[in-house]
Amino acid sequence: MSKLTPARVFRLFFAFTFFLSYPCLAEELDTLRLEKNVVPTFQAIDLNIDANKTEYTGAVRIDLLVRKKAGSFRFHADGLSIQQITLKGPGGAIEHKYKMLNHGQVSVAPSSPLEPGQYTLAVQFKNEFNRKGEGLAKVEKDGLAYTFTQFEAIFARQAFPCWDEPEFKIPCQMTLTIPENHLVLSNSPIAKESTGAGVKTVVFEQTEPMPSYLLALATGPYETTPIPGLGVPGRVVTLKGQSHLTAEAVKMLPPLLKALETYFKNPYPYKKLDLVAVPEFPFGAMENPGAVTIREEFALMDSERATVEKRRLLASILAHELAHMWFGDLVTMAWWDDLWLNEAFASWLGDKVTERVFPEFKLAVRSVLSAQYAMQTDALPSTPPIRRPVTGSVDPIQIADELTYSKGQAVLEMIERWLGGETFRKGMHQYIRTHRWGNAAAADFWTALSQAAGKDVDAAMSTFIDQPGVPLVECEILPENKIRLSQKRLLNHGFGDTSSTLWQIPVNLRYSDGGEVYSQPVLLSKSSQTVALSSGQKPAWVHPNVDESGYYRWQVAPELLKLLAAPSQNRLNLRERVGFLNNLSALLDAGRMDGNDYLETLNLFADDTEPEVLEALLYALEKVKTDFIDQALEEPFAAYLRRTLRPALERLGLERVAGENENIGEIRASLMEWLGKEGEDPEIMAYAKSLAGACLKDPKAVDPALTGTVLRVSARNGDEYFYQKCREKFETAKTPEERRDYLRALGSFHDPKTVGRVLQYVLDGPLQPNEIGFVPFWLASSPRFSDYVFEWMTAHYDAIVAKMPSSHADFFLPWLADGCSTERLKKAQLFFSDPHRRSPEVETELKKVADRVMRCAGIRERVGPTVAAYLNGLVKKE
């Protein structure tokens, strides 16, 4: 999107966004939204599905309410072969004509206008199964065929005729005819079934009101594992032969659901709960009421070899999707411009309850790392607000990005701390009670919070939601026990900002007079405010973001920054140390810190004993690698990594110690990967090679926390034999996680000839549609192959797109131009200017990529010589 505008223009933009949030006004502005004068009130869906075939047939019956006289109306049916349409009113059948329109719509024009009243629309159709995990999809594995659905955001219309917008929240009833030996499920329990002639017809109970994007079904020779301990029937549903991998999901789901019921003070609102693990799923998971779908690689694992990383991810996903049962499903957004709140709330609350149920996963700390991704994007001039206008011509999935999830989550956490946990919860309960089984907008949520808190929450929230960017809070110590706080928009160096953007920022201060430590909250609403400290004395130090709870960057004087950093564990808690490293990188990007000071300060954190701090350090080193390291600096950078990271790994040891914290194993693997791949540490490379050899013979011979790492480190310098073994193991993997480990190994080779063969394998090999994009991005992360992979993509673009899910190609492929190369960016802009490749989604992603490339090129030119001199100096000392 466009660069931040001056304040006056921004107010006009905000007004436009405000009007779009109301359906009656948005309809006048967006002609691709369906009309509200003819609306559905109930839908019956009857499908004949045999997963062994290539197509299915169906019929829908939709009860309509005509609110005012209508000469025509529209509904969605994208790519379906319509066989017959029947329209009936109080007097019987109504003559009409129908026309297929663009954007997956069908127009029905009766011979005379419809008078207000009740009508029925019936449509018979047929369609092919989708083979890329979207709409009503088919997948084959081990000679067996299955179907499942993914309808968010606009894929329900590709499965059956419907009013495919979230505001049309109506009861539905599914009737499915399938082979007699297949399992079938949908959102609601089975009401009745009958069998005959080798098939069975299953009628499901009518659902509670729900929008089309939340409907779900699955058919095929699935297996089920019961989930005890729920208030409703529950089970994990898997492909045949995978039920032995469900134990972790079965164990985690009941306590997470119970914690959510306690938080909402409301029982789970649906009659059953299936967790359906499917391959070729294009996203992580989907919150379909009663039938949550999830990628099998996230849901299924061998309990004896399940790493803390995999179990943490599963718990986080489950909690996120279950939180949606209330926030998103029970109460649903009126339109897609509030998708951010739907996802942000589920991310925030999901992590909150997971922290309570499984504190060993430390999600409260890891959410700080998540916010870092969003703040990086927010420092780019093209970044849009979280809440963005969505028109009927745009795929809403385009806005499901780090702003929607991570920034939204961080802002909600900040507001909850500002209001107080119980006050926030009280307002949320009122919101749920008021809009139960209906639709609502973000404004309704702010109103409920404001009423509960007795203060204007909307005024503060709008500054973070309806305008782009992340604020920088500067903290200056003044005489007479005072400090000055000032704010401005933080942009990366070289990107000017002439706006007068202001936020209402709940700032939390912690400071010390050299003896006692004090805390003090401040609402920073002006460009500059002087604050009298409650201690009555001049502070020795100040930390301006207590517990890293605010969505803002901060800056203090250089000498104070060093005081906070060393020794950091004395003044900063765990979340603050992680946030400190993130903040340090932002100051470097903004031109507010020197490259030498940056690298030296990073060194101070290498002695930290907490795995999460070391992980944040590795994230900062990834930035150094991306921004500054070309082939000429690979050896000096390797020396820096050995000097910085090897002592940390030696403290932990190369092997697991009995009784050690699981998180130690995870950071051990990360340190080994960095030292083996980027640090070129000969001892680590030899150790990884020996373990990789053992893993090829017997996967259980290697610590599961190290399996993926040793395979990737060995692939870095792998030969033809190792390449062939990785292919073989990938194709014969016995579990989804094993398949993923070998796929990642294939994306880690560094021999140019092997890289070429791997890319050809992406096109010719048995990769699933949702796996196609990963390997090129892993290979392109190395500066040696960035250009090579980009040229491969442009040469094979049509073949790649044909294999990827449609929701992936436009969003992901432009990112192969990411990095520091302005020349590659120009080639990408030219390549995607072709009308056959250009789309609104591509243009949006290219703007993001262009900003990132210009940022990277700018910092490399400005700071690169200093970093190079520092790294080369280390080589001379060695």
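# A tour of the predicted model

Begin by selecting Arg312, Arg366, Glu615 and Glu666, which a network of salt bridges links together; a salt bridge here is a side-chain nitrogen of Lys or Arg within 4 Å of a carboxyl oxygen of Asp or Glu. By this rule the count comes to 61 salt bridges. Residues are numbered from 1 along each chain as its sequence is written. This is a predicted model, in which local features need pLDDT of at least 70, side-chain atom pairs count only at pLDDT 80 or more, and totals for chains, interfaces and linings use all residues, while side-chain values use heavy atoms, with hydrogens and water left out.

**Confidence**

Colour the protein chain by pLDDT, the predictor's confidence in each residue, from 0 to 100. The average for the chain is 92, and 96% of the residues score at least 70. Residues 1–29 have a pLDDT below 50, and beyond near neighbours in sequence this stretch has 43 contacts in the model, a contact being heavy atoms within 4.5 Å.

Select arginine 740 and glutamate 297 next: their side chains form a salt bridge, at 3.3 Å from N to O. Arginine 740 belongs to helix 22 (residues 736–746) and glutamate 297 to helix 4 (residues 296–299), so the pair ties together parts 443 residues apart in sequence. Helices (H or I, at least four residues) and strands (E, at least two) are DSSP runs, numbered from the N terminus. Arginine 740 is partly exposed, with a relative accessible area of 22%, whereas glutamate 297 is buried at 17%. Buried means under 20% relative accessible area, exposed over 50%, and partly exposed in between (1.4 Å probe, protein chains only).

Move to glutamate 474 and arginine 592, whose side chains also meet in a salt bridge (3.3 Å, N to O). This pair links distant parts of the chain, 118 residues apart: glutamate 474 is in strand 23 (residues 470–478), and arginine 592 is in the loop between helix 14 (574–589) and helix 15 (595–604). Glutamate 474 is partly exposed, with a relative accessible area of 25%; arginine 592 is partly exposed, at 30%.

Then select aspartate 818 and arginine 852, a salt bridge in which the closest N and O atoms are 2.9 Å apart. Aspartate 818 sits in the loop between helix 27 (806–812) and helix 28 (822–831), and arginine 852 in helix 29 (residues 840–877), so parts 34 residues apart in sequence are tied together. Aspartate 818 counts as partly exposed at 21% relative accessibility, and arginine 852 is partly exposed at 30%.

Display helix 3 (residues 247–264) with helix 9 (residues 421–435); they pack at an angle of about 90°, with their axes 10 Å apart. Axes are lines fitted to C-alpha atoms, for helices over the stretch in contact, and angles run from 0 to 180 degrees between N-to-C directions. Helix 3 and helix 9 are therefore roughly perpendicular to each other; angles under 35 degrees count as roughly parallel, over 145 as roughly antiparallel, 65 to 115 as roughly perpendicular and the rest as oblique. Thr262, Tyr263 and Phe264 of helix 3 meet Phe424, Arg425, Met428, His429 and Ile432 of helix 9.

To view the contact, select Leu412, Glu416 and Leu419 of helix 8 together with Gly421, Thr423 and Phe424 of helix 9.

Centre on lysine 623 in helix 16 (residues 611–628). Lysine 623 is buried, with a relative accessible area of 7%. Leaving aside neighbours within four places in sequence, lysine 623 is in contact with Ser585, Leu588, Asp589, Tyr598, Arg855 and Ile859.

Select alanine 586, in helix 14. Alanine 586 is buried, with a relative accessible area of 9%, and touches Leu490 and Arg553, not counting residues up to four places away in sequence. Its C-alpha atom is separated by 33 Å from that of leucine 743, 157 residues apart along the chain.

End at serine 72, in the loop between strand 2 (55–66) and strand 3 (73–76). Serine 72 is partly exposed, with a relative accessible area of 32%. Not counting residues up to four places away in sequence, serine 72 touches Ser107, Val108, Ala109 and Pro110. Valine 38 is 34 residues from serine 72 in sequence and 8.7 Å away in space, C-alpha to C-alpha.
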